[in-house]
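The sequence and structure are shown below.

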Amino acid sequence: MRTRFLSFLLLVAFAASVHSQAYQPTGENLKSRQEFRDNKFGIFLHWGLYSMLATGEWTMTNKDLNYREYAKLAGGFYPSKFDAAKWVAAIKASGAKYICFTTRHHEGFSMFHTRYSDYNIIDATPFKRDILKELADECHKQGIRLHLYYSHIDWFREDAPWGRTGRGTGRPNPKGDWNSYYKFMNNQLTELLTNYGEIGAIWFDGWWDQDQNPDFDWQLPEQYALIHRLQPACLVGNNHHQVPFEGEDIQIFERDLPGENRAGLSGQDISALPLETCETMNGMWGYKITDQDYKSAETLIHYLVKAAGKDANLLMNIGPQPDGELPAVALQRLAEVGEWMKVYGETIYGTRGGCIAPHPWGVTTQRENKLFVHILELQDKALFLPLEGKKVRKAVGYADRLPVKFRKCEGGVMLYLPEVPTDIDKVIEVEIEK
């Protein structure tokens, strides 16, 4: 009996120890989460050696390109038209509040100066400029937050364990050397969080590469703890297509709004963490010369509004050209979205998903007692709002401030519009009595 009792005490002590070691975000981190949710809109930038091939960021594995031959691309990488100030200014004018930049994608090339590999923008290219440093300096100067994408997989390094991708790049050892590779990643993360000023988030990708090897241990808790120790306010997100893991601060959805799974990558449950959905402006993440199928400004605005209606941020991607410029069509879309945000930004920034769930006609966003009704697709002049139990004090067109007629009815309120909406997004501001 005594032995059983001692075993029980040890079990309780162990459970208490595990619980005490659970991730507890700092006050700085919680503040950063709130600001992240308020920002609502960011721009993703997928840029690396793959831009030179102009066939997308997965070309190395899709074409089984030999890792030593692929590395020769670096010798010709000279993005002479790269201008960080112009990039940041154009992105800021779009209404985006942050940039997420690919510091090292699956191809393994570091777009920053690192001590831990000579396969980087300074040591391996004739360009000899730290792109990330210039971008970080401009972000800090122009008041745009900087988030950093970092790949957990590497199709170039010999010590990176093989997953289900990158198996045909000619690396000699499928097992790699995990201890060496893990140390390399953490050394690079330390550089990124030490040498480039305040970083808003680390955006991981590649966990899914070992999904056929469920016993593989990425050792994420220690890595996440390193990030939070170096910069407590820095958020951690992981594009693993799962519910958030211990130590993560945001939940990421790829190519789908939270709760939707049309692309097959976002079937996970929605957590209470701040949410972000990433989507491409055309069809690819990295630059692809044959992909000119850019989404219209209306489509992009609708996606941004729908994300906000689901209480999520939108991270919209652009693939810069190999010469260092952002594609002309992408710049045009940034400008068009920016013009819309100048008028309607207040209905997006700092809001939360409204008290009315998304409907086929549109979504709602809300700040305190102001409900912003975003009408995206309506064929009638009347709109029923299921606001049962809530009293509406007034309703006005957000842009023109003209009164909108309404009357209470069973289960809510009926809005009567002067005409069938034809705007990209007809926004009605409804004031609800507190």
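## Cavity definition and model basis

On a 1 Å grid over the protein atoms alone, a cavity is a set of points where a 1.4 Å probe fits but cannot get out; lining residues have an atom within 4 Å of a point. Grid points are joined across faces, edges and corners, and a volume is the space filled by probe spheres set on the points.

The model is predicted; local features need pLDDT of at least 70, side-chain atom pairs count only at pLDDT 80 or more, and totals for chains, interfaces and linings use all residues. Numbering starts from 1 along each chain as its sequence is written, and side-chain values use heavy atoms, with hydrogens and water left out.

## Confidence

The average pLDDT (the predictor's confidence in each residue, from 0 to 100) is 95 for the chain, and 95% of the residues score at least 70.

## Largest cavity

Four cavities of 30 Å³ or more are found in the whole structure. The largest has a volume of about 60 Å³. Its lining includes Phe41, Ser94, Met281 and Arg333. At least two lining residues come from each of α10 (297-309), β8 (312-318) and α11 (328-344), where helices (H or I, at least four residues) and strands (E, at least two) are DSSP runs, numbered from the N terminus.

## Second largest cavity

The second largest cavity has a volume of about 50 Å³. Among its lining residues are Met281, Trp285, Tyr287, Asn317 and Ala330.

Key
On a 1 Å grid over the protein atoms alone, a cavity is a set of points where a 1.4 Å probe fits but cannot get out, and a pocket is an open set with protein on both sides within 12 Å along at least five of seven lines; lining residues have an atom within 4 Å of a point.
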